[in-house]
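Dear colleague,

Please find below the structure that I am handing over to you. My notes on what was found in it follow directly after.

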Amino acid sequence: MRYKLTFVVGLALGYVLGTRAGRERYEQLKKSARQVSQNPAVRNTAESAAQQGREFAGKAYHVVSDKVGDHVPDSVAQRVRSLRERNTDGAAGDDWGTSNT
């Protein structure tokens, strides 16, 4: 799905940059893109993809941290500990120090 979307965006961008249709056609494409981006189905899909990405990133973080273990330099380990402590003090966030907004 991601590759199809990238292809379509690249195709549209190439058309806009390579076309001789002028400003009018550009405005039509811009209006169509805005309508698609404001479509509730598209927005829900984008939110789902973002949430799924956060979940996979969290799982990857735990897998990597388990495998790396004590092989990390002390300076990096200290930074990770400080980020974890900061997360417990403030609002709920994920393992990367960001909030789920």
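Helices (H or I, at least four residues) and strands (E, at least two) are taken here as DSSP runs, numbered from the N terminus. The model is a predicted one: local features need pLDDT of at least 70, side-chain atom pairs count only at pLDDT 80 or more, and totals for chains, interfaces and linings use all residues. Residues are numbered from 1 along each chain as its sequence is written, and side-chain values use heavy atoms, with hydrogens and water left out.

The protein has 4 helices and 0 strands, in the order α-α-α-α from the N terminus on. Of its 101 residues, 4% count as buried (under 20% relative accessible area; exposed is over 50%, partly exposed in between; 1.4 Å probe, protein chains only).

The structure holds 1 salt bridge (a side-chain nitrogen of Lys or Arg within 4 Å of a carboxyl oxygen of Asp or Glu). The pair is K30 and E27, whose closest N and O atoms are 4.0 Å apart. Both residues lie in helix α2 (residues 23-37), and being 3 residues apart there, they are separated by about one helical turn. K30 is partly exposed, at 33% relative accessibility, and E27 is likewise partly exposed, at 30%.

In helix α1 (residues 2-18) lies L11, which is exposed, with a relative accessible area of 54%. Together with F7 and V8, L11 makes a nonpolar surface patch of about 330 Å² (residues with over 30% relative accessible area and no salt bridge; nonpolar side chains, namely Val, Leu, Ile, Met, Phe, Trp and Tyr, are joined within 5 Å, like charges within 9 Å).

With kind regards

Methods:
Areas by Shrake-Rupley, 256 points an atom, 1.4 Å probe, with all protein chains shown as cover.
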